[in-house]
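Please keep the sequence and the three-dimensional view at hand while reading.

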Amino acid sequence: MPELPEVEVLKRSLSKNIKSKKIIKIKINNPNLRYKIPKNLSKYLKNKVVKNILRISKYLIIDFGVNKKKLLIHLGMSGTIHLVKKNNKFNTNASFYSHLDLPTKHNHVEIFLNNNLKLIYNDPRRFGFFKFLDEYFMINNLGPDPFNKEFNYNYIKNYIKNKKKNLKILLMDQKFVSGIGNIYANEIIFNCKINPTKNISKLTSKNIYDIIKNTKKVLKKAIYLGGSSIQNFSKTNGELGNFQQEFMVYGRNNKKCLRNNCKGILKKVTISNRSTFFCPICQIN
DNA sequence: CCGTTAACCTGAGAGC
DNA sequence: TGCTCTCAGGTTAACG
């Protein structure tokens, strides 16, 4: 579900609302997420003060200060975090994830804070997880953040050397660049006017510069618009993300290409089991 | 090392 | 109404 922009929006909301707050109680309703929630988590979190919220790739990191283990949260495909006022159920602007009508059935973790706020982790598919950062070594296998200056021409040129895969797979490869998922890969590639099936061994210098430029552009805009909310709840509140209204290709197969003066009809193909949308007319670079 | 596939889960929507 | 089928914002172990 959440890709870099959604996690970033969430990070900013949490920073605003729970930084410097103390955790007073933890309720784990179902520990069976992708990995079992550590047994000592509740005990560990109790009375800890949230010092900082960080994002690495699609992961949220809760920092409790010097020499304290950090908590790592991944939202998988369907994880959401929302904040509610404990008593009157008033929605805070935690992010577009906040929603009063979300079924409570999948509220797997509830964290009570001393400012009368409750943080709820809801995840129907349970692909998300909670772990201590120092016990999750896969975090070390991630490529640079797309906004990091390390993500540059020479890095890409070198990374794709002797590799044979297509551009869509490359952009979603978290070892190459971390944080891009299926929606934003599709949108970025459309912006580059490159066919998603293009083999990376054939990328031109211009292609590479376009990839860098459009990756930042698309992700920045998505963050600015509060991420993408592709799930339609029965009632919406003002806190949904808005980038889904800006989709140029994602979910738009058989529809008209939105690029100026392009008469193409968007196509959908499957790449590595993920839906891939593109315009066969204008994505030809 | 590389690239591909299956598996982990629940729910929504389509088609019958 | 209900059944079956497919698909969904992700990751990773296992395989050839």
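Gln244 is found in the loop that lies between helix α6 (205–224) and strand β9 (267–271). The structure is a predicted model, and the description of this residue is therefore a description of predicted coordinates. Which residues does Gln244 contact, leaving aside its neighbours within four places in sequence? They are Gly227, Ser228, Ser229 and Ile230. The side chain of Gln244 also reaches the backbone oxygen of Gly241, at 2.8 Å. Along the chain, Gln244 and Ile183 are 61 residues apart, while their C-alpha atoms are separated by 9.4 Å.

The loop that holds Gln244 ends at β9. Strand β9 is joined by 5 bridges to strand β10 (residues 274–278), and the two run antiparallel. Within this pair, Thr270 stands opposite Ser275 of β10. The two strands form a hairpin with 2 residues between them. Ser272 lies in the turn and has a positive phi of about 55°.

**The two open sheets**

In general, strands of a sheet pair through backbone hydrogen bonds, in either a parallel or an antiparallel manner. One open sheet of this model consists of 4 strands in the order β1-β6-β7-β5, with antiparallel pairing. Strands β1 (23–28) and β5 (80–85) stand at the edges; each has a single partner strand, so one side of each is left without a neighbour in the sheet. Direction ignored, neighbouring strands of this sheet are turned by 20° against each other on average. The pairing of β1 with strand β6 (residues 107–113) is antiparallel and extends over 5 bridges. Here the bridge partner of Ile26 is Ile111, in β6.

Another open sheet is also built from 4 strands, in the order β2-β3-β4-β8, and its pairing is antiparallel. Which strands stand at the edges of this sheet? They are β2 (52–56) and β8 (129–132); because each has a single partner strand, one side of each is left without a neighbour in the sheet. The twist from one strand to the next averages 25°. Strand β4 (residues 71–74) runs antiparallel to β8, and 4 bridges join the two. His74 stands opposite Phe129, a residue of β8.

**The surface near the DNA**

DNA strand B is surrounded by Lys105, His106, Pro124, Arg125, Arg126, Phe127, Lys163, Lys164, Lys165 and Ile169. Of the atoms of DNA strand B that come within 4 Å of the protein, sugar and phosphate account for 62%. The residues of this surface divide into 3 nonpolar, 1 polar and 6 charged.

| Residue | Protein atom | Distance to a phosphate oxygen of DNA strand B |
|---|---|---|
| His106 | polar side-chain atom | 2.8 Å |
| Arg126 | polar side-chain atom | 2.8 Å |
| Lys164 | backbone N or O atom | 3.0 Å |

**Confidence in the model**

Chain A averages a pLDDT of 90, and 91% of the residues score at least 70. Where does pLDDT stay under 50? One such stretch is residues 92–98, for which the model has 46 contacts beyond four places in sequence. Another is residues 232–238, for which the model has 9 contacts beyond four places in sequence. Where pLDDT is low, the predicted coordinates should not be read in detail.

Terms used. Residues are numbered from 1 along each chain as its sequence is written. Chains are lettered from A and ligands numbered from 1 in the order in which they are written. This is a predicted model: local features need pLDDT of at least 70, side-chain atom pairs count only at pLDDT 80 or more; totals for chains, interfaces and linings use all residues. Side-chain values use heavy atoms; hydrogens and water are left out. pLDDT is the predictor's confidence in each residue, from 0 to 100. Contact means heavy atoms within 4.5 Å. A residue is near a molecule or strand if one of its heavy atoms lies within 4 Å of it. A polar contact is a pair of N or O atoms within 3.5 Å; within protein, one must be able to donate a hydrogen and the other to accept it, and residues adjacent in sequence count only if both atoms are side-chain atoms. Ala, Val, Leu, Ile, Met, Phe, Trp, Tyr, Cys and Pro count as nonpolar, Asp, Glu, Lys and Arg as charged, and the others, Gly among them, as polar. Two strands pair if DSSP finds at least two bridges between them. Axes are lines fitted to C-alpha atoms, for helices over the stretch in contact, and angles run from 0 to 180 degrees between N-to-C directions.
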